[in-house]
2 protein chains.
Amino acid sequence: MKKNKVIVIYSGGMDSFTVLHKALQEGLEVFPLTFNYGQRHVKEIESARAVCETLKLDHQLVDISTIIPLLQGSSLTSDIDVPEGHYAEQSMQATVVPNRNMIMLSLAIAYAVSKGADTVYFGAHAGDHAIYPDCRPEFVEKMNEVAKIANYQAVKITTPYLNQDKSQILADGLKMGLDYSQSWTCYNGREKSCGKCGSCIERLEAFAKNSVIDPLAYEQH
Amino acid sequence: MKKNKVIVIYSGGMDSFTVLHKALQEGLEVFPLTFNYGQRHVKEIESARAVCETLKLDHQLVDISTIIPLLQGSSLTSDIDVPEGHYAEQSMQATVVPNRNMIMLSLAIAYAVSKGADTVYFGAHAGDHAIYPDCRPEFVEKMNEVAKIANYQAVKITTPYLNQDKSQILADGLKMGLDYSQSWTCYNGREKSCGKCGSCIERLEAFAKNSVIDPLAYEQH
C-alpha cells in the first residue's frame with residue numbers, strides 16, 4: 001500500500017523529535033524539513049541531521065538566514081543576550097521571533113505542494129501558549145483555513161501536541177521508546193547544555209515530571 | 001504629524017509599482033520590500049532598486065533563493081521553459097509558484113512587526129484570480145484573519161486593487177501621473193521586453209485598453 005506523504009517541521013529539539021517519530025509510527029512517508037534562520041543553537045540542526053541520517057529519511061535543510069533583517073527584536077536572531085530563567089516569565093518575550101510560525105508553515109506548505117504531501121506536522125504545544133501567539137490553537141485553526149485554499153491542492157496542518165505540555169510530549173515519546181540523547185534543546189550552542197536558559201529549564205522540568213534522568217550532559221543544573 | 005508606517009511588497013512590476021505610489025500619495029511612511037526568489041527576471045528587481053533610490057525610500061531587498069528546493073514545479077523557479085501566450089490559458093499554471101503569496105506575506109508581516117508598521121500593501125488583482133488561488137479575495141480575507149492574531153501586534157493586509165484588473169490599475173497609475181518606463185514586467189530578463197510571454201501580453205493589453213503607448217522597448221509585439 002502506498003503511504004501518505006507528510007512534511008514534518010523538525011528543528012532537532014525534543015518536541016519536533018517526538019512529532020517526527022509519531023508520524024513515522026503512524027506509517028506515513030515522512031519528509032523532515034529543518035530551517036536554519038541564524039539561530040545560535042546550530043547544535044539543534046546537527047542533531048536533526050544525524051537523526052535523519054540514522055533513519056534514512058530524505059532530510060531537507062533550508063537556510064533562511066537571509067531573512068534576519070526582517071526579524072529584528074528577538075534575542076534568538078540578533079545580538080540581544082539570551083535571557084536566563086523560566087520560559088513563562090515576561091523576559092522570555094525577548095525570544096519571540098516576529099511571525100516565526102507563519103513563515104515556517106508557509107514554507108512547509110509550499111514544500112508539501114511540491115512533494116504532493118497532504119499534511120504538515122508541526123510541534124506547537126500548550127507550554128508555549130502563554131508567550132507565543134503563533135503557538136496557540138486559534139492560530140493553528142486560522143492557518144488551517146488559509147492552507148486549505150492557498151494552492152490548487154489543500155494542505156492540512158496537524159499539531160498532535162497542541163493541547164499538551166512538554167512533559168506530556170516527553171511521556172508520549174518515552175512510551176514510544178525514544179532516545180532523547182538524540183535531541184537538542186539548549187539555546188546556547190556549547191558542547192554541553194547550559195542548564196540555565198529557559199529552554200533547558202523547561203526540558204529539565206519535563207524530565208523531572210516524568211521521573212526520568214535526561215540523558216544529555218549539562219554544565220550545571 | 002507622525003505618518004503611519006506600512007510595508008509595500010514591491011516586485012518592480014507595474015502592479016506593485018502602482019501600489020507603492022498609491023501608498024505614498026496616501027501620505028504613509030512606506031517601507032518597500034522586494035524578494036528575490038531566483039526569478040529569471042532580475043531586471044524587475046533592478047527597476048525596484050532604481051525607483052526606491054530615486055524616491056529616497058528605505059528599500060529592503062531579501063534574497064530568499066535558498067528556498068527554491070521547496071518550490072519545485074514552477075517555470076519561474078526551475079528549468080521548465082517559460083510558457084508563451086496568454087495568462088488565462090491553462091499553460092500558465094506552469095508559472096504558479098507553490099504557496100508564493102503566503103510566503104511573501106508571512107515575511108512582510110514579520111517585517112511589519114519589526115518596523116512597528118500596522119499594514120502590508122500587496123498588489124493582488126482580479127486578473128490573476130483565474131490562475132492563482134493565492135491572489136483571490138478569499139485568500140486575502142483568510143490571511144487577514146491569521147495576520148490579526150499571529151503576533152502581539154495585529155497586522156492588516158491591504159490590497160487596493162483586489163477587484164480591479166491590470167488595465168484598471170494602469171488607469172489609476174496614469175491618473176497619478178506615473179512613468180511606467182520605471183517598471184518591468186517581462187518574464188525573460190533580456191535588454192528589451194520579449195513581447196511574447198504571458199506577462200508582456202497582459203501588460204500590452206492593459207496599455208492598449210488605456211489607449212496609451214507603453215514606454216518600454218519591446219523585441220516584438
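How many bridges join strand 4 of chain B to strand 5 of chain B, and in which sense do the two strands run?

Reply: Three bridges join strand 4 (residues 119–121) of chain B to strand 5 of chain B, and the two run parallel. Strands here are DSSP runs of E with at least two residues, helices are DSSP runs of H or I with at least four, and both are numbered from the N terminus. Two strands count as paired if DSSP finds at least two bridges between them.

A word on the model comes next. It is predicted, so local features need pLDDT of at least 70 and side-chain atom pairs count only at pLDDT 80 or more, while totals for chains, interfaces and linings use all residues. Residues are numbered from 1 along each chain as its sequence is written, and chains are lettered from A and ligands numbered from 1 in the order in which they are written.

Back to the strands. B:Y121 faces B:T158 in strand 5 of chain B. Both strands belong to an open sheet of five, ordered 3-2-1-4-5 in chain B, with parallel pairing. Strand 3 and strand 5 (156–158) of chain B are its edge strands, and each pairs on one side only. From one strand to the next, the twist averages 25°. Angles run from 0 to 180 degrees between N-to-C directions, and axes are lines fitted to C-alpha atoms, for helices over the stretch in contact.

A helix covers part of this sheet. Helix 2 (residues 42–55) of chain B lies across strand 2 (29–36) and strand 3 of chain B. Its direction is at about 160° to strand 2 of chain B.

Now chain A. Its five strands also form an open sheet in the order 3-2-1-4-5, with parallel pairing. Strand 3 (60–63) and strand 5 (156–158) of chain A stand at the edges with a single partner strand each, so one side of each has no neighbour in the sheet. The twist here averages 25° from one strand to the next. Inside the sheet, strand 1 (residues 5–9) and strand 4 (residues 119–121) of chain A pair in the parallel sense over three bridges. A:I7 has A:V120 as its bridge partner in strand 4 of chain A.

Helices pack on this sheet too. Helix 1 of chain A touches strand 1, strand 2 (29–36) and strand 4 of chain A, and its direction makes about 170° with that of strand 1 of chain A. Helix 3 (residues 100–115) of chain A lies across strand 1, strand 2, strand 3, strand 4 and strand 5 of chain A. It runs at about 155° to strand 1 of chain A.

Helix 5 of chain A has two helix contacts to look at. With helix 1 (residues 14–25) of chain A, helix 5 (residues 166–175) of chain A has its axis within 10 Å, and the two cross at roughly 40°. They are therefore oblique to each other; under 35 degrees counts as roughly parallel, over 145 as roughly antiparallel, 65 to 115 as roughly perpendicular and the rest as oblique. Helix 5 and helix 6 (residues 198–209) of chain A pack at an angle of about 60°, with axes 8 Å apart. That makes this pair oblique as well.

Finally, the two chains meet. In all, 34 residues of chain B are in contact with 34 residues of chain A, where contact means C-beta atoms, placed from the backbone, within 7 Å. Helix 3 of chain B gives the largest share of chain B's side, nine residues. By class, that side has 21 nonpolar, eight polar and five charged residues. Ala, Val, Leu, Ile, Met, Phe, Trp, Tyr, Cys and Pro count as nonpolar, Asp, Glu, Lys and Arg as charged, and the others, Gly among them, as polar.

Helix 3 of chain A packs against helix 3 of chain B at about 170°, with axes 9 Å apart. The two are therefore roughly antiparallel. Residues that make this contact include A:M102 and A:L107 of chain A, and B:M102 and B:L107 of chain B. The contact has ten nonpolar, two polar and no charged residues.

Chain B can be laid on chain A by a turn of 180° and a shift of 0.0 Å along the axis, with an RMSD of 0.0 Å. That is the relation of a two-fold axis. The superposition is by least squares on C-alpha atoms of residues with pLDDT of at least 70 in both copies. The same surface serves both copies, since 100% of the contact residues of chain B recur in chain A.

Definitions and conventions: Contact = placed C-beta atoms within 7 Å.
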